[in-house]
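Dear colleague,

Please find below the structure that I am handing over to you. My notes on what was found in it follow, arranged by topic.

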Amino acid sequence: MDFSFTEDDEMVRQTAREFVKKYILPKRDKIAYGNKIPDEIIKAASDAGFLGFNISEKYGGAGGSIHQMSIIVEELARGDVSMALPVYVLLLNGWPLMLEKYGSEEAKEEILPSVLKGRTFFGIGSTEPSGGSDVMSEKTNATFRNGKWVASGEKVFISGVREALELPGGGGFLTLMRTSDPSLGSKSFTTFAFMLKDVRGNLNKEISTTVFNNIAREGLSTGGFSFSDIEIDDKYKVGDAGKGFQIIMEGFNVARIYVAAACNGAASEAIDMGIDHMRTRKLFGQPLGRQEGLQFELSELYAKLQSSRLLTQKAAWTLDRVYKDKEKLPMSEQNLAVSMAKMTAPPTAHEIITKVMVWHGAMAYTKDTPLGAAQGGVMSYYIGAEGGINIMKLIIARELLGKEFLSYKS
Ligand SMILES: Cc1cc2nc3c(=O)[nH]c(=O)nc-3n(C[C@H](O)[C@H](O)[C@H](O)COP(=O)(O)OP(=O)(O)OC[C@H]3O[C@@H](n4cnc5c(N)ncnc54)[C@H](O)[C@@H]3O)c2cc1C
């Protein structure tokens with residue numbers, strides 16, 4: 001057992017730290033509250049190799065490990081605690097990775113290099129009005145007719161809709177659609193690379209879109225899209241028909257590690273701010289940090305943060321055995337490692353940030369500190385983005401007790 005990071009890992013961390021200093025910190029508030037990540041930051045993230053870091057060199061990526069990508073995301077979230085940029089970057093690793101693994105050569109050559117250049121967005125389109133947790137109830141469907149897929153449906157609360165519409169190379173989503181009889185259960189779904197605007201910048205006018213008014217993480221949008229009897233070329237089918245559910249669950253496992261890493265990053269930044277505040281804020285004639293009650297809180301929160309980071313690092317190491325070392329690891333082992341990390345990191349980060357806000361007193365209730373932005377950013381993952389906390393608990397219990405114990409199956 002060796003908990004140390006390699007020299008290469010440390011170099012990756014250093015690169016991300018320098019990126020934060022140079023590009024994020026000067027524009028931190030603009031990212032958090034400005035309804036857009038500035039173009040030059042997306043361009044810089046692409047130049048630094050953060051977009052599609054996991055994608056192979058063939059399409060312009062670095063073929064980097066999940067562990068190192070987690071380091072990058074953690075550092076980016078220390079800089080942008082609103083989570084907009086780290087989430088932008090993490091989505092553009094996890095979901096293009098599924099496109100690379102399962103997509104047609106034509107679709108990959110068209111979309112991946114453009115994503116890596118920062119011209120095109122590519123996220124995940126799973127959630128529907130019927131409930132994001134209950135994927136089986138989803139109704140968006142596609143039928144294969146005369147050599148094309150004909151699709152209808154609606155997706156909501158999808159990260160990156162505004163970005164897919166506004167970026168010069170457009171964007172789309174690995175979108176889950178039902179392609180056969182619902183009685184086939186999880187085998188009735190197929191995934192498509194569904195583009196709202198193509199890489200040449202042509203908007204698909206048959207798709208209606210909406211953008212929601214988020215309470216936080218304003219630099220990266222959530223929105224929805226709906227369409228009726230729209231044609232999709234077969235080259236955009238990702239994976240075999242009937243394998244869609246499996247593919248998005250695999251993608252969620254990768255993305256959930258990055259989500260956990262981002263939450264740990266925002267929480268690390270908050271705890272550092274808390275330590276600094278305790279050292280410098282003087283009340284009743286002495287620094288706040290001399291109060292034993294607050295020291296106890298700090299010690300407990302620090303240990304919780306380190307436990308969360310260890311769970312995330314273990315999950316990244318587990319999936320690297322699959323993606324990097326090509327080991328055939330049982331899904332149950334992967335699911336357990338990932339779900340424990342995603343179950344732990346958002347509530348831990350939320351607890352830490354909230355406590356640090358309390359330590360700061362009234363100034364935490366203003367936008368002069370980034371703590372409110374951090375609390376809102378982390379909340380998105382507490383509520384449910386990339387799978388709710390209770391859903392992580394259901395997965396863990398399923399792996400421990402067996403599928404027959406799933407509470408929602410009769
Ligand atoms: C900021 C943000 C960004 C998002 N981005 C995307 C995206 O890019 N792509 C995408 O597809 N989706 C996205 N989502 C949607 C997200 O995946 C869903 O919010 C999530 O799956 C939960 O679905 P829901 O919101 O419909 O809540 P519901 O499914 O209605 O669940 C409500 C609550 O009930 C809990 N719950 C559900 N079932 C059970 C159960 N059996 N037992 C106990 N508790 C249960 C859930 O954990 C949750 O807390 C995003 C959400 C947010 C907030």
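**A buried alanine in a strand**

Ala193 is buried, because 27 other C-beta atoms lie within 10 Å of its own. Please bear in mind throughout that this is a predicted model. Ala193 belongs to strand β5. Leaving out residues up to four places away in sequence, Ala193 touches Leu99, Gly103, Ala107, Ile111, Gly172, Leu174, Tyr236 and Val238. Lys139 stands 54 residues from Ala193 along the chain, and the C-alpha atoms of these two residues are separated by 17 Å.

**Domains and the side between two of them**

The domain assignment divides the chain into domain 1 (7-116), domain 2 (122-238) and domain 3 (245-405). Between the C-alpha centres of domain 2 and domain 3 there are 29 Å. Contact between these two domains involves 14 residues of domain 2 and twelve residues of domain 3. On the side of domain 2 that touches domain 3, β4 (171-178) and β5 (189-197) each supply at least two residues. Sorted by class, that side of domain 2 has eight nonpolar, five polar and one charged residues.

**The ligand and its shell**

Which residues are closest to the ligand? Of the 26 residues that surround the ligand, the closest are Gly132, Ser133, Gly384, Gly388 and Asn390. Domain 2 and domain 3 each give at least three residues to this shell. At least two residues come from each of β1 (121-125), β3 (148-159), α11 (371-383) and α12 (389-401). The most is given by α12, with four residues. By class, the shell around the ligand has 15 polar, nine nonpolar and two charged residues.

Helix α9 runs over residues 292-323, which makes 32 residues. From its first C-alpha to its last, α9 reaches 46 Å, close to the 46 Å expected at 1.5 Å a residue. Several residues of α9 are buried, among them Leu301, Leu305, Leu311, Thr312, Ala315, Ala316 and Leu319. The cover over the buried residues of α9 includes α4 (66-79), α8 (244-280) and α10 (331-360).

The largest nonpolar core has 117 residues, and those that touch the most other members are Leu99, Ile257, Ala262, Ala266 and Ile353. Helix α8 contributes the largest share of this core, 19 residues. Setting aside neighbours within four places in sequence, Ile257 is in contact with Ile66, Ser70, Thr312, Ala315, Ala316, Leu319, Val338 and Ala341.

Most residues other than glycine have a negative phi. Asn146 is not a glycine, yet its phi is positive, at about 45°. Arg217, also not a glycine, has a positive phi of about 45°. Asn146 lies in the loop between β2 (141-145) and β3, while Arg217 is found in the loop between β6 (208-211) and β7 (222-233).

Is each of these residues buried or exposed? Asn146 counts as exposed because it has 6 C-beta neighbours inside 10 Å, and the limit for an exposed residue is 12 or fewer. Arg217 is buried, because 27 other C-beta atoms lie within 10 Å, and a buried residue needs 20 or more.

With kind regards

Key
Residues numbered from 1 in each chain as written. Predicted model: local features only at pLDDT ≥ 70, side-chain atom pairs only at ≥ 80, totals over all residues. Domains from an automatic or database assignment. Contact = placed C-beta atoms within 7 Å. Nonpolar A, V, L, I, M, F, W, Y, C, P; charged D, E, K, R; others polar. Near = placed C-beta within 6 Å. Expected span 1.5 Å × (residues − 1). Core = buried A, V, L, I, M, F, W, Y, C linked by C-beta atoms within 7 Å.
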